[in-house]
Amino acid sequence: MTGKAAVLAAVLAVLGVQGCGSSQPAEEEGPEPGPSAPYWGNRGYTLPNSPFTREDTVVTVTCSMGARYAGVNVQAWDPERWELRETRGFFIPVDAAFTNYPDVKNVNSPLVDLCGVSSDSPSPYAVDDLEYLTPRVRALFDLAYTRMAVVLRDAEGRATHAGYVESEGNADDFVRLSDAEGDDEQNAVMAPDGRSVWFTYITADGERRIGSRSTEGEHRLSDEGPAIGHDLPLTVTGKPPRAVQANMVHLAPDGRRLTATAPKIYGHIFHTRDSSGPLNAASGRSARLLSGCVGIVGWVADERVLCRTQSGNFRTVDARSGRAEGNAVAAIREDDGRVTEGMVVSADGEKFIVSVHLPNDRSGRPLGLGDFRVVSTSGEGVAVPVSADSLTSDTVFLEWR
């Protein structure tokens, strides 16, 4: 990804008038609740009724930065007319690690992936293809997009602490969950209900662990299980919440299995776990490898996964056998000269959204409108351009409910 341009006018118009109220606890009166969370294996959670939680909604995120400002815009769209339903803004605190630079502790965080990657400062993770980027950026937010997890540096830039930002807040409306000297907390992500922030951390004895801190009360550290350092991101799903440390994590609609990859672990499809931790050799013994899959876009159904293949096309793959089904699906002509990467699959499994860009240049130079297309997972029909003019080449599609 290239450096971010100062595209602030629209963002400031949204964020500049926002107050500093905080989210309401579930037991207080609030908006009429909506249905349980669909499609993500998180059906144990009941969500507030908002444009971000309704069915047939596409959610996107864009990071905007200027000389004195950094913020994240999350937007809910009507995927038929590509009309904007609602925008939520998250100011990024000055102490938040949204980029890595010399003389401070490097931080692994999906927020750095979203906001601070350039030719001079690569992704903190080994791979930044959109099939990798989308699920780890989605993990920054709770299911209803009311809170965003952040990693905060101390004043000297040495220690790092997990925290979170309220939506619709101002630049000072954030919570640092710990101020302990020597904290090494990274990969901060939200629990599905927004009631805790999860992260990887290193103990005083050098042990690598997964931890969480409640967003309410005293924010005491809860140890959640082993980790393998900071190099792989976290995704937290289920009720009660559990974390898996891996890439390209997508929970199946029925919640029983998930897609994931990790170095030295063979396979793509794993059973969901009863405890938090990284993928390991034991997980790999029962895993299923998806043939020819180099990028996992998402689940088409309980037993079928959409993959990007080595040839740059997309195929539906049977999650039980690992074999491809149907015809290859192409979003562009073979002689186009550009590449496509997939981001989200619709909840009914019939469509998905791709980004079209030059090889090794997803964001483009200079920053401009993105080339996004809606494609049928069956390969029928033609790819339809996404017609929303406000989507830039740095926009990431997070979810299609």
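Good morning, colleagues. I begin with Glu86, which is partly exposed because its relative accessible area is 25% (buried is under 20%, exposed over 50%, partly exposed in between, with a 1.4 Å probe and protein chains only). This is a predicted model, in which local features need pLDDT of at least 70 and side-chain atom pairs count only at pLDDT 80 or more, while totals for chains, interfaces and linings use all residues. Residues are numbered from 1 along each chain as its sequence is written, and side-chain values use heavy atoms, without hydrogens and water.

What does Glu86 meet in a salt bridge? The partner of Glu86 is Arg88, with a distance of 3.3 Å from N to O (the rule asks for a side-chain nitrogen of Lys or Arg within 4 Å of a carboxyl oxygen of Asp or Glu). Arg88 itself is counted as buried, since its relative accessibility is 11%.

The structure has 26 salt bridges by this rule. Among them is the one between Asp179 and Arg176, whose closest N and O atoms are 3.3 Å apart. Asp179 is exposed, because its relative accessible area reaches 61%. Another joins Arg401 to Glu399, with 3.4 Å between the closest N and O atoms. Here Arg401 and Glu399 are both buried. There is also a network, in which salt bridges with shared partners connect Arg257, Glu303, Asp318 and Arg320.

I turn now to the rings. Eight aromatic pairs are found in the structure (ring centres of Phe, Tyr and Trp, the latter by its six-membered ring, within 6.5 Å; planes under 30 degrees apart are stacked, over 60 edge-to-face, the rest tilted). One of the pairs is Trp77 with Trp82, which is tilted because the planes stand at 55 degrees, the ring centres being 6.4 Å apart. Both Trp77 and Trp82 are buried. Elsewhere, Phe52, Phe90, Phe141 and Tyr145 form a cluster linked by ring pairs.

Finally, two loops. Where does Gln310 lie? Gln310 is found in the loop that runs between strand 20 (304-309) and strand 21 (314-318) (strands are DSSP runs of E, at least two residues, numbered from the N terminus). Gln310 is exposed, because its relative accessible area is 71%. Between Gln310 and Cys293 there are 7.0 Å in space, C-alpha to C-alpha, and the two are 17 residues apart in sequence.

The other loop, between strand 23 (339-345) and strand 24 (351-357), holds Glu350. With a relative accessibility of 48%, Glu350 is classed as partly exposed. Thank you for your attention.

How values were computed: Helix = DSSP H or I, 4+ residues; strand = E, 2+ residues; numbered from the N terminus.
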